[in-house]
Amino acid sequence: MTKPPRKPSKPLLGEAEAPRRSRPRRRRDPAQPNLPLDPMPARIEPCLALLRAKPPKDDNWVFEIKWDGYRLAVHIEPRGVRILTRSGLDWTHRFPLIEAAAKALPASTAIVDGEAVVLDQRGRSDFGLLQVSLGGRGGKKRSSNAMFMAFDLLYFDGHDLRNSELEVRRHLLEDLVPAGGEGDIRLSEEIEADGDQLLASACEHRLEGIIAKRRDAPYRSGRLGDWVKIKCVQSDSFVIVGYERPTVARAGIGRLLLAARKGKKLVYVGGVGTGFNERSAAELREQMDRLIIAKPAVDTGRKRNAVFVRPGLVAEIEYRAWTHDGKLRHASYKGLRETQDDVAIFDLSGQV
């Protein structure tokens with residue numbers, strides 16, 4: 001025989017048929033922080049540095065060494081680690097050492113901003129060595145020696161830090177990645193120094209330059225002036241629009257022909273004939289020969305021995321200055337930029 005349902009010990013409704021209310025919550029102590037958890041962003045557009053001729057003088061700026069590599073964001077999540085390029089592509093498989101080091105960091109969730117680099121024998125970051133470690137432009141190799149220089153913390157253990165001042169973010173980053181480490185993720189340390197003196201020292205040691213960042217600035221995506229870069233030697237990205245054959249051999253390259261942006265157009269800015277060895281010149285020639293076109297994409301002037309290519313390759317070029325007619329002086333080829341790096345082509349507008 002089925003038993004009748006047991007009567008509740010307390011009626012659900014009072015005598016006035018009004019619903020019972022739960023006990024009021026105790027008011028929050030205003031001295032205690034109110035820290036709701038923030039959803040973790042799938043991707044954050046990076047903060048980019050504006051180019052300046054001289055370091056800022058204001059005491060509200062801090063300095064770091066400028067690293068010459070690939071900008072990356074390391075995402076640490078409960079399901080694993082993701083390593084994203086500047087344009088948002090997943091390159092976790094290309095950096096196994098950085099991935100392993102990220103898994104060992106004491107954080108359940110984090111987004112760390114920084115740069116993948118390969119150091120030379122003197123401890124300087126070398127973009128060419130990084131490219132070699134990845135198999136060159138378009139290569140598929142897994143780098144066996146790239147490390148990650150961490151310089152900002154954007155998300156940490158459930159909290160979005162982008163609205164926090166740089167000093168707050170750096171304090172948390174230094175707890176996560178202590179200074180002086182020797183692992184595959186290292187802290188890009190802030191340097192308390194006069195900007196002019198630090199730049200002179202960086203140039204003396206043949207580094208690329210320095211970065212200055214506002215202490216009180218939040219993390220804002222884009223090139224808005226919260227970060228500025230000051231270079232020892234100019235280094236920018238230019239489009240390859242052709243090449244001149246070498247005079248003594250059929251293979252290889254005599255000079256690369258380069259172009260920059262000027263508004264929506266490309267403008268010829270001269271050539272570069274140094275910086276590549278026999279192997280890199282042969283690999284570059286092979287890639288350019290797939291892009292040969294009959295007529296030049298830009299006006300390069302009269303070139304007797306030139307081959308013109310579709311402007312699809314972007315080269316990183318080091319140079320000392322500009323000529324009066326807008327050509328690069330003392331230029332040297334450093335390597336090809338990956339399309340995945342979402343690199344900005346140098347824009348002549350207001351520059352030359």
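1. The strand β3 gives three residues to the lining of the largest cavity, the largest share. Strands here are DSSP runs of E with at least two residues, and helices are runs of H or I with at least four, both numbered from the N terminus. A cavity is a set of points on a 1 Å grid over the protein atoms alone where a 1.4 Å probe fits but cannot get out, and lining residues have an atom within 4 Å of a point.

2. The model is predicted: local features need pLDDT of at least 70, side-chain atom pairs count only at pLDDT 80 or more, and totals for chains, interfaces and linings use all residues. Residues are numbered from 1 along each chain as its sequence is written, and side-chain values use heavy atoms, with hydrogens and water left out.

3. The count is two cavities of 30 Å³ or more. The largest cavity holds about 90 Å³ of space, a volume being the space filled by probe spheres set on the grid points, which are joined across faces, edges and corners.

4. Of the 13 residues that line the largest cavity, I44, P46, L72, A73 and T85 lie nearest its centre. Two or more lining residues come from each of β3 (70–77) and β4 (80–85).

5. There is one disulfide, meaning a pair of cysteine sulfur atoms within 2.5 Å. C203 and C232 form this disulfide, with their sulfur atoms 2.2 Å apart. The torsion about their S-S bond is about -95°, so the disulfide is left-handed. C203 lies in helix α4 (residues 195–204) and C232 in the loop between β10 (227–231) and β11 (234–244), so the pair ties together parts 29 residues apart in sequence.

Note on methods
1 Å grid on protein atoms, 1.4 Å probe; cavity = no way out; pocket = protein on both sides within 12 Å on 5 of 7 lines; lining within 4 Å.
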